[in-house]
Amino acid sequence: MGTGTPGATPSGTVPAELAAACADVRAAGHADQIAGVPARYVAAPGSTDEASALLRAAAGLGLTLVPRGSGRRQHWGNPPTSCDLIVDTGRLDKVVEHAAGDLIVTAQAGVPLPDLSQVLAAARQHLAIGPRTMVEGGTVGGLVATNAADSWRYRYGAPRDLLIGITVVRADGVIARSGGKVVKNVAGYDLGKLFAGSYGTLGLITEATFRLHPLPGAALGLGVQQKDAESAAAMVQTIQYSPVAPSSIDLRWPSPAAPIWLLVGLEGDRESVLTRAARLRALVGPALLPGAQPDGANVHEPESAAPAHRTEDQLRADLQSRALDEGTLVRVAFWVGRLAQVLTAIQGAAATNGIDVAIEGSAGAGVLEARAPASSAPMAVAAFVTDLRAALSGLGAGSVVPGVASAVVVYAPDEVRNVTDMWGPVPSRDLMRAVKDQFDPEHRMAPGRFAGGI
Amino acid sequence: MDGNDVIGNDGLSTVGRSAPASVIRDAAGVDAAFTAMMTEICSPDSVITDPQELRTYECDGLTAHRSTPGLVVLPQTAEQVAAIVRACAARRIPFVARGSGTGLSGGALPRTDGVLIVMSKMRSIIAIDPASRRAIVEPGVTNLSVSKAAEQHGLFYAPDPSSQVVCSVGGNVAENSGGAHCLKHGFTVHHVTGLQVVTPDGELTWLGDGTGAAPGYDLVGAFTGSEGTLGIVTKIIVKLTPIPEAVTTLLAAFTTMGAGGAAVSAIIGSGILPGAIEMMDALAIEAAEAAVNCRYPEGAGAVLIVELDGPTGDVEAQTAAVREICTAEGAYEIRAAQDAAERAAIWTGRKSAFAAVGRISPAYIVQDGVVPRTALESVLDRISALSAETGIRVANVFHAGDGNLHPLVLFDDRRPGEQERAEQLSGTILDLCIEHGGSITGEHGVGVDKSRYMPKMFSAADLDTMQLLRCAFDPHGICNPGKVFPTPRLCGEVPGVRRAPHPLVASGLIDQF
Amino acid sequence: MASESLLDPDGRLRDLAGDCVHCGFCLPACPTYQLWGEEMDSPRGRIHLITQILDGGHGSEAAAEHFDRCLGCMACMTACPSGVQYGQLIEAARSWSERADTATGPPMPLPPRTLRDRAIRAAIFATFPYPARLRAAIGPLRAAQRTGLDQWAARSPLVRRLAPAAAAALSVAPRLARTRPRPTLRRDGAAIISRPGGAIAPTAALYGRGSHADAPSGHRLPARIPAQGSRRAVVGMLTGCVQQVFFPGVNGATARVLAAEGCDVIVPPRQGCCGALSVHGGRRDEAAGFARRTIETFERAGVDAVIVNAAGCGSAMKEYEQLLGEDPGWASRAAAFSAGVRDFSEFLAELGPVAPRAELPLTIAYHDACHLAHAQRITAQPRSLLRGIPGVSVTEIPDAGTCCGSAGIYNLVQPDAAAELGTRKAASVAATGADLVVSANPGCILQLTQALAAAGRPMPVRHVAEVIDAAIMGRPRAALLGG
């Protein structure tokens, strides 16, 4: 099956089979492209059954497909090699069930994350992803498909850790569910883990069930300035072993000349947060500069009954002031004990190639993001990535594990993308290809988007 | 093979077996040549052929299902495991991996026509990296010994099944084991960040890299909980958790289960997330007393064990809140452990409950159903009504915080018909769980024991889709076959399709699949 | 094939084995599972083998080997949540091996042991339960020690290959005291036999003119040692076989401490063996014979309690009721006797120590003998007695519940496994950094001494009684640490 079967309808006309399967199908417009690859059709199924019929029809026509939620992260990963049909989840926008007493929620893939947050907050609960991710847009489906996480990764993990049930439609149109509505559940294989972070290459996610946490009554962030990579790494060790149980240990290093900031997030009820903040201040001592505010950070003293919302408002304001996803973002995952070497490797590779990178992320969880500005020369960025990967692979020397750090280019301008290996080497690539072969034997789901050449 | 086994054509003994046939095509069988090969790979000491010795491996913790393995091998290195599996793959000989043999779903039930690969000699803790909060361990290491080794660094390994003194980390990975503290701290899949595995064709490969954010599909997450059907784990990178500053363990006694359940709801509803919250009913308490003399409060219809952990101030505040709630719900005695010894004593009663039940009943069935926590009360009422109707006693031990029930269905196998009634009651309890939107297994796994319930919980399409994963790893169906899925999927040929190459592929920078 | 009904006529063994729910909690507690990681060498696996034999009537050579490899340490019983009486099961299995070795009549369920194994066991059981013979056997040993030949033999690869049991025995044998007992003492000993009332003079000899802890008592205790101060109890004392031959000083110390705490101590002169090694080795008839004689001896003595300072012996004597239960003439006598058996530290703790103790600044690593901790569940009393001595601090040994490898005659019949366990125990003990290791069993003391020396970490090893005795007698700590 190629990008068009012989005798296919001319572009602009929706094939009858698609129209019969799905109520909302149209020819693609100028804006309907995925990472610059234009689509031919756009369909928006309103239910899992309708999505099933749609995908079955698409399979019959041999069409390639790419799921799209809000499009918030459609430029992540490689552009698809082909994109006949965009499957838009906009009509899959219902919160199916919010069992507050059981702390679980089931939502369709197209539910926007900010809307979900609001529904949950009404019962004083939240999906413990964020705070940035839940606020800056995107849908439930996109969240799972990219497994996007930020600061709270340290305490709560990534979406795959909070996902307890999933409904998907396979490339051949078959509907499948795994997991369920209860947190403790080991019946059968966990397809949710497989689909989390799979970038739409295994099938279309139509519904997901998550475990929730109570919304903390108060939140407080403390900034601790460090002079260099070694002292930052030492401070991370101190904090991670401190008894204050932080929700996040983030690092922010806007440029090599700027100081390194560690941002510690504490959540809980008001008294607990204040007590722990005081203990943390005593622990980090002179490193903590009173009143100092790192660039763009927020340090709140809890005042009102629901400061969590205030945090979100401020975050939204902060985010509006800078364009989303500019430049090249490289995500580095590493063993936390190697933090100093990782920071040195990033800055070293950047300096070698004349790029000014900003580093930010969860130092405590071992995931940092290095951002090269959009103005950087594409070849320089490509070389930076290559040099960085070489430096990171050296960190694993002497360990039983083949590698203790990896670098993935999450998104980049087209000129950079064209000369860069976005995903880099993957462990067990052949197994991943075997999995892909089983779920999507014709390779029509988001072809070429993913790691391992998938 | 001794004559006591009746062998079905699927290589599993039919004694107490419930899973239907799974015949391996073109299987060569365990013969003298194969045994010689195994001896060369491991050593004569590590290959067991004596029929009586083989039979000691016929079951794990689930004694209702027994099957004598064709051969037992005890490798000591990952390379040996890979060589064994390669030899099995070449001859299409089925193999089953076994850790400590304490599983409760028959996941390590051997094949009479296959090899049992026992991992208990691979029991080193290879490395601990406190700065990264990681440890690399071999699969035969016991769960508790990981925490013991990590203790000096101020760390512990959070998933703590009740059998943690003996159950192996490899087994924990296979079953995605939970334990009392998984409510707050998560289960095995949340604490495994990398796996070295031997795939069913004998390749040694790493899944993940220990960071928990390696690129590509989350094969670590998919493999964990796959019950030994996708390969054999040879090294595990676990996440270690800082030991909380303070721990309080409370034991609260109520006169009725209902009161205890209400207390649980109130505690969770107040926003507190305890480290653990467990409940036992009068019958389970009776067994535990007989076994370990735990001296729980007299006359309790239910006891609640609540453990709160975290920073000292938080724990103090939460302890006060929990005490208040329990008292409000009618607790007539609340004890707090004053030191580590008292804490251990409170837990000993709970952790030995399953095995202890053997003292108050000749035989029993352990179930592992899950219901939404809000449905706990009505489900427990229903179980007690069913018990009264059938005359079969049920002792209840469970993880109250997450609705994971462990009804212990007690019966006397010498009384005619009682075993059948007990099995029927067990099945009805699982039906109840499914009815309420729960699960047939919260932590013990499906194994052979519950595969017949899978179609009640999942559609044929669901099961078929799950098995696509199995086909990717084990197309010939030799890796722990006959477990989890009642009907194996024929994997067949998979067509591959090629398209116009991506520019990077064309330029040779990357290859595309 | 032996018929099942012969093996288990009243179904008792089957009932006991049926208590096992296969939970596996015993595996990590079992020293042989710790060594080899194989199911057949775990309690759960051995129970399974026993059940197979009960079902099918016969056991393989492999099965027999696994029973022989069991230490009989009972750590599994402490760990078992279901209360399986593993001790009784393994003794039954061992009895099958024993009957096979001496088989005449109907076929036995297990194949007989090798000729060499049988010869070694025969030699052991012909010697150890008879102190006079054991003492005689030591003559050559003492000579070997004087010439240094013993160390050569113990380490010689040739000897170790040809006669591993002998090499093991030589390596664990303590350096025996060079001095013979003084003639005056022996005359006193003879006087005691002819004058059953006992005399003050021999008792004075017990308290000795010298200061060396070992020497004054010689190897025969007076038949009666009167209480010091007001009398609180009249107790009998078992002198043991290995204890009296290798560690007569321990017996002396035991008697002195009991007397100091207000007990009249009766030491029947011709006690004989209590039968522990025999019953633990599955030689039931032999054990029953020893048991009957022991019961008779102490019944005649008319005591409130029988005090035992060897853990293995105490454990066996507390189980006489099971050993003689089937004999209608003896069942109730055995029960009454067993009810009065007390381990030395158990008894003292019950009585409540009153004798003042002088200071002994020492850190002591207390080693739990298996037959005290697991078989008799006595762990707190020895520790609290030691802590009751001013200046003493007691540290815990890591993996305290794991056997040192002595296990009765185990270190003679399974020398490799015993040596490996000894090495592990030595490492654990040495890690405590204590001044002194204290145990309550002569076998453990032998094994620990040898293992620590072999590991290059020699440490003094003493009996609980010796430490308490030193404190009451006001001896300096050097007396315990030297020697």
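Welcome! Start by selecting chain B and chain C: their contact takes 34 residues from chain B and 31 residues from chain C. Keep in mind as you look around that this is a predicted model.

**Stop one: chain B against chain C**

Between them, these two chains bury about 2,400 Å², with carbon and sulfur atoms giving 52% of it. Now highlight Q52(B), T56(B) and R123(B), the residues of chain B that lose the most area to chain C; together they make up 26% of what that side buries.

Next, show the side chains of E39(C) and R98(B), which meet in a salt bridge with N and O 3.1 Å apart. The count of salt bridges between chain B and chain C is 2, and 19 residue pairs are in polar contact. Then color α2 (51–55) and α12 (353–356) of chain B, the elements that each give two or more residues to the side touching chain C. Of these, α2(B) gives the most, with 3 residues. Coloring by class, you will find 10 nonpolar, 12 polar and 12 charged residues on this side of chain B.

**Stop two: chain A against chain B**

Move on to chain A and chain B, where the contact takes 92 residues from chain A and 99 residues from chain B. The area buried here is about 7,700 Å², 60% of it from carbon and sulfur atoms. Select K184(A), V186(A) and Y189(A): they supply 13% of the area that chain A buries against chain B, more than any other three residues.

Finish with helix α15 (residues 429–439) of chain A, which gives the most to the side touching chain B, with 10 residues.

Notes
Residues are numbered from 1 along each chain as its sequence is written. Chains are lettered from A and ligands numbered from 1 in the order in which they are written. This is a predicted model: local features need pLDDT of at least 70, side-chain atom pairs count only at pLDDT 80 or more; totals for chains, interfaces and linings use all residues. Side-chain values use heavy atoms; hydrogens and water are left out. Contact means heavy atoms within 4.5 Å. Buried area is the accessible area (1.4 Å probe) that two parts lose on being put together, summed over both. Helices (H or I, at least four residues) and strands (E, at least two) are DSSP runs, numbered from the N terminus. A salt bridge is a side-chain nitrogen of Lys or Arg within 4 Å of a carboxyl oxygen of Asp or Glu. A polar contact is a pair of N or O atoms within 3.5 Å; within protein, one must be able to donate a hydrogen and the other to accept it, and residues adjacent in sequence count only if both atoms are side-chain atoms. Ala, Val, Leu, Ile, Met, Phe, Trp, Tyr, Cys and Pro count as nonpolar, Asp, Glu, Lys and Arg as charged, and the others, Gly among them, as polar.
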